[in-house]
Amino acid sequence: MLLKDTPVTTDKLLSVQDLRVHFHTLRGIVHALEGVSFHLNRQETLGLAGETGCGKSVTARSVLRLIDPPGRIVSGRIIFEDRDILTLDDTAVRAIRGGEISMIMQEPKMSLNPVIRVGDQVAEALLIHDTSLNRSSARTQAEEMLTQMGIPEAHRTSRRYPHELSGGMAQRIMIAMMLVTRPKLLIADEPTSALDVTIQAQILALMDKLVQDIRTSVLMITHDLGVMAETCDRVAVMYAGNIVEMGAVRSVLKDPQHPYTQGLLKTVPDKANPDHPLYAIKGNVPSLLQPQNHCRFSDRCEYAMARCSREIPPVYQMTDDHEAACFLHDGQSISSGGKQVDLMNP
Amino acid sequence: MNTETQIDKRLARNQRWKARQRYFKDSYTLWRRNHLMVVGTTIIILLLLIALSAPLLATHNPLDQILSDRLLPPTWEHFFGTDSLGRDIFSRVVHGARVTLTIALLVALISTPVGLIIGVLAGYFGGAVDEILMRLSDVFLAFPKLILAIAFAAALGPGVENAIIAIAVANWPSYARLARAETLAVRDNDYIQVIRSMGASNLRIMVGHITPMCLSSIIVRLSLDMGTIILTAAGLGFLGLGAQPPTPEWGLMVSDGRLYLVDQWWVSTLPGFAILIVVMGFNLMGDGIRDILDPHQRQS
């Protein structure tokens, strides 16, 4: 499982355009997302990387319109197939949630209802979307799904309660719950960060296999660059509510174009050189209370120029499938023949 | 493959059965250990048996008036003596168990679901819904329960049915408060978010995932409230707003005897003791139920 080849099709499944999400807190408006745009092709895995608090999860939750007050989706469009999720009525959104787009959360054990047998919880995923289904056949289907997940003694396990299961087993149940409805898009919000390293690889391999089987696209949120390299076709790197770099996984990881991505990659410990001190990007994540009026990374960036603290950098297209929002590429992108697209302020 | 699944299923059933046995055994041990609860449960079981077999236990017809035998002291003929109309007090107390139990059960059946629904709605939706429902319940909680029950019973007119409605109306806010508090604690759990992200409707989340979590505290609260409900019913009976003569209701009987309290103490006192014992039984049992349903107790 090394870097994957380019995706099979380029048919857009999900397209997020200029998404802005604000949280109205006591200390002011937190500008959590400031014009996030990306798209996801069918049967493709897009990785969303970035440090804690950069807006990865908010992006994921926005796609399902699960932003609760004090949060609010201020503007933008989220086009799923041909529908704009932000303008649909509640019933239509509910049909999409879990039916067409499923989301796996970080903490598998907290994500299961402690007082319901896990088999029944998987069955409920089916019952929510198919009212004609009766309980016993939903249960049977749920057990089949568990068998497919490589869970031994599926019948007996399905009668267990979440506290009787290990973290890895609970995450398998969660994945079963989310994939049993055969969604078109699976959002995985750090699916392995709460698990042991030994289990992580197993869970990822299993997810990968199932995703192939039911031809689902995946939006994989992670701060683990190793996981990203193994599972994703394309990646988007987020920083403080913006996507700063996006492109094919091989291209972004081998040849990062944004200083933040470069710093992020340098933080990965070097196995060949264990005595080398760990690298850290200097400075802190900026407060999101001020609306964005310049490059948010400029305070920490070693290449920062005067205009970086005055203007918002547009998105520069390096190659067909690699773009970065950084003024360093202002001249280069033109000389290298790449086209310049301003996605931040369309 | 087929036999394997069958074996798997049989094993699963076996395990389930054993787990259930273990649960009941633990519950029994906890029950035995709590002596007061044993007393309480015994009282309530006796009350149930007495209510069920009232016609068999009663030595006389509770409504038969024999004026020549009025105000007789307790004897072997009349265990608890007779009242001012010559009715056998023992038989009336035994039949009164039925009336008391009926009132208590019906009040519980009306007020808990109402309180539960209102509390879960308020807690789940929050905001304006919460404000309206909780301020409404505040209005009810602002008055002592008995006063409120008296007011409603007086407005509705005397009678057992109206007394039941009046007590239920006075009682629901405490269940609503409790259900709301539980809902608030459960609502923000990850698994509620997950089930929402799976497209579950608000109704499904409330019925399937939140209400079950509220039930155990509501049951404990209800079992502790049973005593108060019975007292309120007796109070209404005493004031003439509850059961009407000649119904053998304990509160009404206490009231009937109050003119003769000095010389014929048994007329009021013995039905009064019945109320005392039953209320105590419910309270002791309620305390015990709380301990048994508490998972922390099971650990030790």
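Analyst: This is a predicted model.

User: Why are β2 and β5 of chain A said to stand at the edges?

Analyst: The open sheet has four strands in the order β2-β1-β4-β5 (chain A), and the pairing is antiparallel. Because β2 (28-41) and β5 (83-84) of chain A each have a single partner strand, one side of each is left without a neighbour in the sheet.

User: How do you know which part of chain A has a pLDDT below 50?

Analyst: The pLDDT is the predictor's confidence in each residue, from 0 to 100. Chain A averages 83, and 92% of its residues score at least 70. Over residues 333-346 of chain A, however, the value is below 50. In the model this stretch has 26 contacts beyond near neighbours in sequence.

User: Which residues of chain A count towards its contact with chain B, and of what kinds are they?

Analyst: Two residues are in contact if their C-beta atoms lie within 7 Å. The contact takes 22 residues from chain A and 18 residues from chain B. On the side of chain A, the elements that give two or more residues are α2 (90-96), α3 (118-129) and α5 (154-158). The largest share, three residues, comes from α3(A). This side divides into ten nonpolar, six polar and six charged residues.

User: What describes the packing of α4 and α7 in chain B?

Analyst: Two packed helices are described by the angle between their axes and the distance between the axes. For helix α4 (residues 89-125) of chain B and helix α7 (residues 160-187) of chain B, the angle is about 35 degrees and the axes are 5 Å apart. The crossing of α4(B) past α7(B) is right-handed. The residues of this contact divide into 22 nonpolar, seven polar and three charged.

User: What is the secondary structure of chain B, and what share of its residues is buried?

Analyst: Chain B comes to twelve helices and zero strands. A residue is buried if 20 or more other C-beta atoms lie within 10 Å of its own. Buried residues make up 41% of the 300 residues in chain B.

Conventions
Residues numbered from 1 in each chain as written. Chains lettered and ligands numbered in written order. Predicted model: local features only at pLDDT ≥ 70, side-chain atom pairs only at ≥ 80, totals over all residues. Buried ≥ 20, exposed ≤ 12 C-beta atoms within 10 Å, placed from the backbone. Nonpolar A, V, L, I, M, F, W, Y, C, P; charged D, E, K, R; others polar. Axes fitted to C-alpha atoms, helices over the stretch in contact; angles between N-to-C directions. Left-handed = near helix turned anticlockwise from the far one by under 90°. Pairing = 2+ DSSP bridges.
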